Amino acid sequence: MSVTVVCECTNTFSLKDEYAGLMVKCPSCGSAVRAGTIDLSPTSQADPIFGRNVFLLRQQALRVNERYNVSDEQGKPILFVERPAHFLRNVGAVLAALAAAMVWITATVSLADAIGVGVLSNLIAIVGTIGFIPIAAIVGMSLSKKRHVSFYTGEDKAVRLLEVLQDRKFQFLTATYTVQSADGTVLARLRKNYLYNFIRRKWEVLGPGGSVEWVAREDSIILSLVRRFVPFMGLLRTNFIFQPAGSQKVVGEFRRKMTILDRYVLDLKADAARAFDRRVAVALGVMLDTGERR
């Protein structure tokens with residue numbers, strides 16, 4: 001039996017089991033690291049895939065479904081991510097919503113005409129004009145499909161490791177998503193406020209208990225305002241920083257590379273204690289792109 005060691009520099013190496021529990025020297029960076037077997041239980045973030053501090057994300061181009069390839073720092077593929085668009089289902093929901101709205105308007109107009117001129121007729125006409133919006137919304141939402149995000153070990157989708165579930169179909173002021181492992185264990189919840197996003201994009205990471213543990217926000221409030229209010233500046237690259245809730249300490253970054261296709265670097269080297277669950281961090285990184293519709 002061998003002992004697998006994962007260093008903070010992301011180097012992974014194996015030793016004889018007699019070294020289990022001992023401090024050893026990393027052959028790559030020379031740092032001291034404790035040898036020990038990797039915990040593969042669902043509650044552990046020490047799965048070999050997540051036993052690193054840097055993840056490279058690349059969005060696949062020209063896809064109806066949003067797809068991402070995640071690789072390690074050396075470019076080796078480690079994850080495949082997919083967020084189905086459910087295109088036909090959701091287009092059908094929109095068409096059904098429009099049809100329901102037209103039926104509502106036609107019915108109310110016909111009723112108003114049948115009643116003739118008067119207060120009641122005018123009231124029905126007003127209700128028909130205003131009511132088509134909630135009618136269309138209710139029908140559309142009931143028939144549409146939520147867009148969950150799945151994380152697999154490869155494009156064959158044989159092994160699923162994580163899911164990010166869209167909690168509600170219609171998310172007005174606040175959007176929330178649940179991050180869970182393959183066995184359904186809730187790891188965290190992600191939350192963003194659309195009103196706050198007008199000033200500076202921010203996502204909150206809530207622990208299973210419901211308290212805010214981490215915050216991801218745009219790296220510069222000045223650049224955030226420039227992107228929103230200066231013409232053509234919305235094309236500026238958007239980067240995010242990760243911080244513990246209530247602290248100004250930066251434990252990680254999510255940087256967008258200047259390329260034609262969306263490419264990102266999730267860098268958590270500053271989180272030497274690995275306090276931020278890497279599974280949640282990777283899930284958050286994907287949502288910082290697809291959840292912001294960039």
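"Leaving aside its neighbours within four places in sequence, which residues is Lys157 in contact with? That's where I'd like to start today, and please keep in mind that we're looking at a predicted model.

So, the answer: Phe80, Glu82 and Tyr152. Where are we in the chain? Lys157 sits in a loop, with strand E8 (149–152) on one side and strand E9 (160–166) on the other. Take Leu79 as well: 78 residues separate Leu79 from Lys157 in sequence, yet their C-alpha atoms are 9.8 Å apart in space.

You'll find His86 in the loop between strand E7 (77–83) and helix H1. With 22% relative accessible area, His86 also counts as partly exposed.

That brings us to H1 itself, residues 87–115. Let's check its length. There are 29 residues, and at 1.5 Å a residue the helix should span 42 Å; the end C-alpha atoms are 42 Å apart, so the two agree.

What does H1 pack against? Its buried residues pack against helix H2 (119–143). Those buried residues are Asn90, Ala93, Ala97, Ala101, Thr108 and Ala112. For the spacing, remember that an α-helix has 3.6 residues a turn, so residues three or four places apart point the same way.

Last stop: just after H1 comes Gly116, with a positive phi of about 95°. Thanks, everyone!"

Conventions:
Residues are numbered from 1 along each chain as its sequence is written. This is a predicted model: local features need pLDDT of at least 70, side-chain atom pairs count only at pLDDT 80 or more; totals for chains, interfaces and linings use all residues. Side-chain values use heavy atoms; hydrogens and water are left out. Helices (H or I, at least four residues) and strands (E, at least two) are DSSP runs, numbered from the N terminus. Contact means heavy atoms within 4.5 Å. The expected span of a helix is 1.5 Å times one less than its number of residues. Buried means under 20% relative accessible area, exposed over 50%, partly exposed in between (1.4 Å probe, protein chains only).
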